[in-house]
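Student: I've got a model open and I'd like to learn how to read it. Can we go through it feature by feature?

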Amino acid sequence: MKDFKIWRSILRVPVRITTTLENGTVIDKEVENYTDDDFEKIEEQEKALATLTMALSPDIAQGFREYNSAKALWEALIEVYEGNDDMKQSRQDMLRQKFNMFNHVLGETLEAQLQRFITLTTEMSTAGISVPQSEINKKLLNSLPKSWDMNVSVIKKTKDLNRLTLAETMTIIKA
């Protein structure tokens, strides 16, 4: 089940429970004057922060202990792990190059090569890189060892690489 209240809490600035005095001054409300609605807002924020914090491994969480709101923690995580636009572009360029240079590694099993390819295409997708399905399939087929050349030729001639999913292509290779 998804808790959209938590997600909204992560995206919003921290709630500050206040009250307005007769002269119009806004001050923080004393805890003993909180309403059930006020406590619910605070609990929602605390739950959001706890959810984010628990999702981090202990060694990563250690570096983010200073953040006391879900929004601040979320923004810090984005900054550290996604980086700015230049870093994102650099990562995309690196992944494209890795894709273009993908090939069989001597002594590597077919299963290991397929897993490495799945990891690469998943990283590319996550980084926002869109590659036509036919190009992905061709890249995988062309990266197979030279001993597979006859099989690759048969697959390319008998299958529509534009319509095959990566999973279907891998199933055909394994067969």
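Student: What volume does the largest pocket have?

Tutor: Keep in mind that this is a predicted model. The largest pocket comes out at about 230 Å³.

Student: Which residues line the largest pocket?

Tutor: Look for Tyr81, Glu82, Met87, Lys88, Arg91, Thr126 and Ala127. By class, that lining splits into 3 nonpolar, 1 polar and 3 charged residues. Helix α5 gives the most to the lining, with 3 residues.

Student: Let's stay with α5, then. How do I read its packing with α6: what is the angle, and how far apart are the axes?

Tutor: Angles over 145 degrees count as roughly antiparallel. Here α5 (residues 85-100) and α6 (residues 110-126) pack at about 150°, with axes 10 Å apart, so the two helices are roughly antiparallel. The crossing of α5 past α6 is left-handed.

Student: Which residues of α5 and α6 meet?

Tutor: From α5 you have Arg91, Leu95, Lys98 and Phe99, and they meet Phe117, Leu120, Glu123 and Met124 of α6. That contact counts 5 nonpolar and 3 charged residues, with no polar ones. Arg91 also turns up in the lining of the largest pocket.

Student: And are α7 and α9 roughly parallel or roughly antiparallel?

Tutor: Under 35 degrees counts as roughly parallel. Helices α7 (residues 133-143) and α9 (residues 166-174) pack at about 25°, their axes 10 Å apart, so they are roughly parallel. Their crossing is right-handed. On the α7 side, Gln133, Ile136, Asn137, Leu140 and Leu141 make the contact, and on the α9 side Leu166, Thr169, Met170 and Ile173. This contact has 6 nonpolar and 3 polar residues, and no charged ones.

Conventions: Residues numbered from 1 in each chain as written. Predicted model: local features only at pLDDT ≥ 70, side-chain atom pairs only at ≥ 80, totals over all residues. Heavy atoms only, no water. Axes fitted to C-alpha atoms, helices over the stretch in contact; angles between N-to-C directions. Helix = DSSP H or I, 4+ residues; strand = E, 2+ residues; numbered from the N terminus. Parallel < 35°, antiparallel > 145°, perpendicular 65-115°, else oblique. Left-handed = near helix turned anticlockwise from the far one by under 90°. Contact = heavy atoms within 4.5 Å. Nonpolar A, V, L, I, M, F, W, Y, C, P; charged D, E, K, R; others polar. 1 Å grid on protein atoms, 1.4 Å probe; cavity = no way out; pocket = protein on both sides within 12 Å on 5 of 7 lines; lining within 4 Å. Points joined across faces, edges and corners; volume = space filled by probe spheres on them.
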